[in-house]
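Please walk me through this protein structure. Keep it brisk, and start from a single residue.

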Amino acid sequence: MSALSDHGIRHLSHSSIDLARVDVALWTLRYLFGVRDPANAAMARGLAVELGCQIAHTGGEFDDPAEEALREYNKRTALGVDGEARDKERANIKPMVEQYLSLFDGDLPKLEGYQRRVEIEIPGIDIPCMGFTDFDFEDAVIDLKTTMRLPSAISASHRRQGAIYQRASGNRAVDFIYLTPKKSVRHRLTDSDQDWLEVCETARRLNAFLEKFETKEEIAAAVIPNFDHFYWSSPQTRAKAREVFGF
């Protein structure tokens, strides 16, 4: 048994591993105490656009992928999302779906898989690392990102995510599609050995850190939350954190 499983962690994921790299206090709050951020407009935007793009491939009873994306967004943000933020992100839904379609010049490839579960072992860790790919095409595994700034390259965090998906998919090609309301780009992950090493070392060192403590309360007493970081922007999360960390 590893310290991760001793502390109730049943699997790792890219988001879990990357959060441990950025803020181990927030990782503790989220994965050991089960405190999650409430839904927000940007998150709903990404999920809605993804659904619209998936519908563009599969068609069926749906006539307009962008309209279906808007319907999904409205449903996800009906409760608990600030009205101003909700309206701002709603305006991005349709142009982002249109940017996705423009990448393929109207000739969409066949979608061979959607939200496929992938799983891989990390050497030295007795729980799996899991994830869900967005789209599977014949030539590549695709991860879709909605953003307000178009990146010139795959970010370090996304490279680590791609390294997980690549190895869990039999070393298939992994592409990231970035969508803004005005532009889109498709980047292919290459030379991901260093990224995979970072994934493995992060998991192993997180496990080594947890080995020092018997309870989650002891861990909470040893880490320092940085409430100034935008990761802590949710008032509800900060309030719960002060209960857990004591300040």
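**From a cysteine to the pocket**

Cys-129 is buried, with a relative accessible area of 1%. This is a predicted model. Cys-129 takes part in no disulfide. A disulfide needs two cysteine sulfur atoms within 2.5 Å, but the nearest cysteine sulfur to that of Cys-129 belongs to Cys-200 and is 8.7 Å away. By this rule the model has zero disulfides. Cys-53 is buried as well, with a relative accessible area of 0%.

Now turn to the cores. The largest nonpolar core has 45 residues. Leu-4, Leu-12, Trp-27 and Ile-122 touch the most other members.

Look at Trp-27 next. Beyond its neighbours within four places in sequence, Trp-27 contacts Leu-4, Ile-9, Ser-16, Leu-19, Ala-20, Leu-32, Leu-206 and Leu-210.

Helix H2 spans residues 14–22. Its buried residues are His-14, Ser-16, Ile-17, Asp-18, Leu-19 and Ala-20. What covers them includes strand S1 (12–13), helix H3 (24–32), strand S4 (129–132), helix H7 (156–168) and helix H8 (193–210).

Finally, the largest pocket. Its volume is about 2200 Å³. It is lined by 50 residues, and Ser-15, Arg-30, Asn-40, Met-43 and Lys-145 are the closest to its centre. H2, H3 and S4 are among the elements that give two or more residues to this lining. Helix H4 (41–58) is another, and the largest share, seven residues, comes from H4. The lining divides into 22 nonpolar, 18 polar and 10 charged residues.

Key. Residues are numbered from 1 along each chain as its sequence is written. This is a predicted model: local features need pLDDT of at least 70, side-chain atom pairs count only at pLDDT 80 or more; totals for chains, interfaces and linings use all residues. Side-chain values use heavy atoms; hydrogens and water are left out. Buried means under 20% relative accessible area, exposed over 50%, partly exposed in between (1.4 Å probe, protein chains only). Helices (H or I, at least four residues) and strands (E, at least two) are DSSP runs, numbered from the N terminus. Contact means heavy atoms within 4.5 Å. A nonpolar core is a set of buried Ala, Val, Leu, Ile, Met, Phe, Trp, Tyr and Cys residues joined through side-chain atoms within 4.5 Å. On a 1 Å grid over the protein atoms alone, a cavity is a set of points where a 1.4 Å probe fits but cannot get out, and a pocket is an open set with protein on both sides within 12 Å along at least five of seven lines; lining residues have an atom within 4 Å of a point. Grid points are joined across faces, edges and corners, and a volume is the space filled by probe spheres set on the points. Ala, Val, Leu, Ile, Met, Phe, Trp, Tyr, Cys and Pro count as nonpolar, Asp, Glu, Lys and Arg as charged, and the others, Gly among them, as polar.
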